[in-house]
Amino acid sequence: MSKSKGTTMGLTNRSGFPRRTNDTTRLIITALLGVIFGFFIGVSFPSDSLSKINFPSGFRSRYDSASIDARRSNTGEPENRESYNIPKIYVPTNPRGAESLPPGIVEAETDLYLRRLWGEPSEDLKKKPKYLVSFTVGWNQRHNIDAAVRKFSDEFTIVLFHYDGRATEWDVFEWSKTAIHISVKRQTKWWYAKRFLHPDVIASYEYIFIWDEDLGVEHFNADKYIHLVKKHGLEISQPGLEPNNGLTWQMTKRRGDREVHKDTEEKPGWCSDPHLPPCAAFVEIMAPVFSRKAWRCVWHMIQPAHEKIGVVDSQWIVHQVIPSLGSQGKSENGKAPWEGVRARCKSEWSMFQERLLRADKAYFLSSTSRSATADKQYVARLKGVKN
């Protein structure tokens, strides 16, 4: 019997049932005491005490946002979006289309200075040319253009508009490797100028030369020319033309006894006003030179007063009258290509004159109408005051 009892007690001690029950009970009691203690601690704090505890800023920010969002979702309170939206920007003085940008980031103008693809941007430009000269060219006149370009110093940016599509061949000239080349077939220099010489694109240049390819420049020096137009205050100018070569107008004929002239006498009946073309305020389109301010006006088809327009006599050129662009036309109805080009020029000139006449008429009619309306409103206000 004692053996049996001993065996039974041995089995009970090895299973550990009484000890496990005691451990579980102890854990349950500890947890209950912790919950009760935490409850009493929590209710002893004032309701706003949490905001006085110094949490780390990141935690506090997340806590505040979560609390606000939770409170809104529970109470149905509408969100005040104005306090969270990025402030809107509207600057009416910015260029059109850029009103929503901060003025400090807006760059309304640019230039044609060449940049590198490497290194520091601030080190790209060893020199910034002050002036620009453009030539509308074909490969057949390359030697004439080479001679002309050599009359312009490194103060000039060189731009070539290629009407024959042959641009890469020009790299046989060293200066061509740093020139700007724009190639579109069978277009005139004014087509190129309107599209590629926008005033905001070439705003860095003080003077802009827009020249033909058939000009003899033996008696011309670009730097001396710039000096004279500044000296005489010319906003639009051209070099005088050699009197014996292809002259049409007295105004553009070189005079050997002066530096500059601004008016002339033409054939009887040609000038209705001595201050209007062709007796004044007039240069030809073969070799015009514009100041930066004048080009902005001319690009929009406005020109300065007649006293700002003149011909530089002491720096003159020869118009060689080579109708090279005419060969880019098309033969139609048995006519040579150049005849079609000339007919188109005359047609477009007539169209321009009609557009100008209509624009003037529309403006003055509108102006008169506005003036009449303003007069009526003024009279009505006077009557209101009297009454």
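I began with the burial rule: buried means under 20% relative accessible area, exposed over 50%, and partly exposed in between, with a 1.4 Å probe and protein chains only. For elements I took DSSP runs, numbered from the N terminus: helices are H or I with at least four residues, strands are E with at least two. The model is predicted, so I note that local features need pLDDT of at least 70, side-chain atom pairs count only at pLDDT 80 or more, and totals for chains, interfaces and linings use all residues. Residues are numbered from 1 along each chain as its sequence is written, and side-chain values use heavy atoms, with hydrogens and water left out.

**Entry 1: strand β9**

How many residues of β9 are buried? I found 9 of the 11, so β9 is largely enclosed by the rest of the structure. Next I looked up its partners, where two strands pair if DSSP finds at least two bridges between them. Strand β6 (residues 236–241) runs parallel to β9, with 6 bridges, and P239 stands opposite V312 there. Strand β5 (residues 215–216) is antiparallel to β9 and has 2 bridges; G216 has V318 as its bridge partner. Strand β7 (residues 260–261) is also joined to β9 by 2 bridges, running antiparallel, and H261 is partnered with V311.

**Entry 2: nonpolar cores**

I used this rule: a nonpolar core is a set of buried Ala, Val, Leu, Ile, Met, Phe, Trp, Tyr and Cys residues joined through side-chain atoms within 4.5 Å. The largest core has 35 residues, and F135, F152, F209 and W211 touch the most other members. At least two residues each come from β1 (131–137), α4 (142–149), β2 (156–162), β4 (207–211), α6 (222–231) and β9 (309–319). Helix α6 gives the most, 5 residues. I also found a second, separate core of 24 residues, which includes L132, Y192, I210 and W299.

**Entry 3: aromatic rings**

Rings of Phe, Tyr and Trp (its six-membered ring) pair if their centres lie within 6.5 Å; planes under 30 degrees apart are stacked, over 60 edge-to-face, and the rest tilted. I count 26 aromatic pairs by this rule. F173 and W175 are stacked, at 5.5 Å centre to centre and 10° between the planes, and both are buried. W249 and W270 have centres 5.7 Å apart and planes at 70°, so I logged this pair as edge-to-face. W249 lies in the loop between β6 and β7 and W270 in the loop between β7 and β8 (289–291), so the pair ties together parts 21 residues apart in sequence. W249 is partly exposed at 27% relative accessibility, and W270 is partly exposed at 38%. One aromatic cluster is formed by Y131, F135, F152, F156, Y207, F209, W211, F220 and Y225.

**Entry 4: an enclosed space**

On a 1 Å grid over the protein atoms alone, a cavity is a set of points where a 1.4 Å probe fits but cannot get out, and lining residues have an atom within 4 Å of a point. Grid points are joined across faces, edges and corners, and a volume is the space filled by probe spheres set on the points. I found 1 cavity of 30 Å³ or more. What lines the largest cavity? The lining is P199, I202, A203, R292, W295 and R296.

Notes
1 Å grid on protein atoms, 1.4 Å probe; cavity = no way out; pocket = protein on both sides within 12 Å on 5 of 7 lines; lining within 4 Å.
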